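Could you walk me through how the inside of this protein is packed?

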Amino acid sequence: MNTRVLVTLSLFSAIGAVLNMVMPPFYQGMKPDMMLIMMFIGIIFFPSVKNVTLLGIVTGILSALTTTFPGGQIPNILDKFITAFVFYGLFLLVKKFAQKVAVATVLTVIGTIVSGTIFLASALVIVGLPGGAAFSVLFVGVVLPATIFNAVSMIVVLPIIQAIFKRSNLAIV
């Protein structure tokens with residue numbers, strides 16, 4: 001694995017962790033997962049099975065360490081790992097156009113919905129949902145607003161990172 005790629009993916013994960021920690025909560029202490037955006041950007045810029053595996057594991061662990069969801073550690077690890085490969089599969093389908101902000105935003109919307117669904121389903125099975133909240137209430141109250149927030153964030157963040165990559169002569173695969 002290329003050291004430059006590894007360092008860049010580590011920076012994406014660290015930035016995602018910091019953004020995740022400072023994000024204010026939406027509903028009963030739950031908040032959008034900013035690590036998803038950085039994981040998705042890492043997959044877009046460095047698409048390989050090794051990188052996707054690494055990003056899925058690292059972002060899962062970092063999300064587990066920073067979660068405010070009661071008992072959300074295991075669901076976070078599961079959801080990030082599975083979502084990374086779902087996003088990667090979708091990315092491969094549209095790889096020719098994936099560097100475009102609009103396509104990346106659509107992939108982000110799909111990826112965020114997949115992530116939220118996997119997280120809530122696994123939390124329901126593994127630890128139960130807090131306060132007797134129904135899956136649909138949390139989906140509408142947290143996942144859908146997070147999806148909109150992540151889409152807007154991708155529209156803002158992706159062009160900035162693309163510009164940094166162009167100026168620094170980093171190869172975009």
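Predicted model: local features only at pLDDT ≥ 70, side-chain atom pairs only at ≥ 80, totals over all residues.

**The core**

The largest nonpolar core has 28 residues, and the members that touch the most others are Phe12, Ile41, Ile43, Phe45 and Met154. Six helices each put in at least two residues: H1 (3–22), H2 (34–45), H3 (49–66), H4 (73–93), H5 (101–126) and H6 (135–168). H2 gives the largest share of this core, with ten residues. There's also a second, separate core of eight residues, with Phe119, Phe139, Val142 and Val143 among them.

Which residues does isoleucine 41 contact, if you skip its neighbours within four places in sequence? They are Phe12, Met154, Val157, Leu158 and Ile161.

**The aromatic pairs**

Search the whole structure and you get six aromatic pairs. A pair of rings is described by the distance of the centres and the angle of the planes. Two of the pairs are set out in this table:

| Pair | Type | Centre to centre | Angle between planes |
|---|---|---|---|
| Phenylalanine 12 and phenylalanine 45 | tilted | 6.5 Å | 35° |
| Phenylalanine 40 and phenylalanine 87 | stacked | 4.2 Å | 5° |

Phenylalanine 12 sits in helix H1 and phenylalanine 45 in helix H2, so the pair ties together parts that are 33 residues apart in sequence. Phenylalanine 12 and phenylalanine 45 are both buried. These two also belong to an aromatic cluster, together with Phe46 and Phe165.

**A buried serine**

Next up is serine 122, which has its place in helix H5. Is serine 122 buried or exposed? Its relative accessibility is 11%, and because buried means under 20%, serine 122 counts as buried.

What lies 2.8 Å from a polar atom of the serine 122 side chain? That's the backbone oxygen of isoleucine 118. Leaving aside neighbours within four places in sequence, serine 122 is in contact with Pro75, Leu78 and Val127.

Key. Residues numbered from 1 in each chain as written. Heavy atoms only, no water. Core = buried A, V, L, I, M, F, W, Y, C linked by side-chain atoms within 4.5 Å. Buried < 20%, exposed > 50% of the residue type's maximum accessible area, 1.4 Å probe, protein only. Helix = DSSP H or I, 4+ residues; strand = E, 2+ residues; numbered from the N terminus. Contact = heavy atoms within 4.5 Å. Polar contact = N/O pair within 3.5 Å; in protein donor to acceptor, adjacent residues only side chain to side chain. Phe/Tyr/Trp six-rings, centres within 6.5 Å; stacked < 30°, edge-to-face > 60°.
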